[in-house]
Amino acid sequence: MGTGTIATEHMVAAIRAAGHQPLWVVSRNERYAAHFSQDMEIPGITIDAREALRDKRVGFAYVSAARSRRKHYILAAAAEGKHLLCDGPIAGGSRVAAELTDACAKAGVILAINQPLRALSPHQTMRRLLQEGEIGTLQSLLIARGAPFHPPPNRHIDDVVDHEQALLDITLEDIDLARFLTGQEAVAASALIAADQRAYAIEMSGGAILQAYESFTAAEFESVVMLAGDRGTLVAHGTLSGKGSGTLVRRLNGRNELIPVRDRDQHMSTLEAFLALPQKNGGIWLSLGEDNVIALQVAEAVQAAQKRRPVVVSQ
């Protein structure tokens, strides 16, 4: 449902590779639906989500619509009892996201969020090594990424993404990644936000400190995700650029060790995990609706923290 760029470039192919056949294109714009249907070779076209969702052949729904339309499609899928995978975030604020999550829970359907950073092999390996005690007790998590702003490629000329919204999306991704890697929740936040860039620090529930820097004003640099423990450090380079899986290094006893990781398509990994959810009783790494609610709540706290009056440092 929806004809977004992620669906075009990644998810339709992933659905087919997983052994499923896309059956319907749902869009409020019939012309967009027709073009997408032709490009992706999907037989059904409709502007009425219920028509597609009531097709008995449909096993699940994938939502790639503009953010303002995701609520409509999520509620439609929940009403028809269809599990769904949705590009994140599911809403523009935590209150609406919580309402959507509750609606899906009451309907007994799974609401999973397409968060590819969770699926990247270096990040999954970092999480496992931390849980196994490879670097001791976690002290600090650093996430840094910067590049000039470039509007993402869109299928439609009316798909406009502004700097502020794009920066918020990055913050949501980084907060979700921090929770995934550490298993800890945000307790308190402080932030410094300027035009097209932000830096913030978050106290986590397990005692670790998250430090993040996100910028559209810096020259492009290789992104860094670092878990620093009291025995060693794990550092992922280039995993946040969307240009590949990046590399993972473990530093112990003053020496760096390159850790080999399996290079897998993160969208395919996400879809496979989603398809396995109804049969799984535990061990779920996929982002769910409640995870998106929490990420939005923390991002809203970061936004609120930067509005507090700064303390002047006397010289």
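Me: What should I know about the model before I start?

Reply: The model is predicted, so local features need pLDDT of at least 70, side-chain atom pairs count only at pLDDT 80 or more, and totals for chains, interfaces and linings use all residues. Residues are numbered from 1 along each chain as its sequence is written, and side-chain values use heavy atoms, without hydrogens and water.

Me: How many helices and strands are in the chain?

Reply: Both are DSSP runs, numbered from the N terminus: helices are H or I with at least four residues, strands are E with at least two. The chain has 10 helices and 14 strands.

Me: What does the radius of gyration say about the chain?

Reply: It is taken over C-alpha atoms, and the globule rule is 2.2 Å times the number of residues to the power 0.38. For 315 residues, a compact globule would come near 20 Å; the chain has 20 Å, which agrees. The C-alpha trace spans about 65 × 40 × 35 Å along its principal axes.

Me: What percentage of the residues is buried?

Reply: Buried means under 20% relative accessible area (1.4 Å probe, protein chains only). Here 49% of the 315 residues are buried.

Me: What share of the contacts links residues 24 or more positions apart?

Reply: A contact means heavy atoms within 4.5 Å. Of the contacts with a separation of 6 or more, 65% join residues 24 or more positions apart.

Me: How do I read a cavity?

Reply: Take a 1 Å grid over the protein atoms alone. A cavity is a set of points where a 1.4 Å probe fits but cannot get out; lining residues have an atom within 4 Å of a point. Points are joined across faces, edges and corners, and the volume is the space filled by probe spheres set on them. The search finds one cavity of 30 Å³ or more. The largest cavity holds about 30 Å³.

Me: Which residues line the largest cavity?

Reply: Ile175, Ala178, Arg179, Ala186, Ile202, Met204, Leu210 and Val298. α8 (163-182) and β8 (197-204) each supply at least two. The largest share, three residues, comes from α8.

Me: And the second largest pocket?

Reply: A pocket is an open set of points with protein on both sides within 12 Å along at least five of seven lines. The second largest pocket holds about 450 Å³. Its lining has 24 residues; Pro22, Leu23, Trp24, Phe60 and Tyr62 lie nearest the centre. α1 (5-17), β1 (24-26), α3 (49-53) and β3 (60-63) each give two or more residues to that lining.

Terms used:
Buried means under 20% relative accessible area, exposed over 50%, partly exposed in between (1.4 Å probe, protein chains only).
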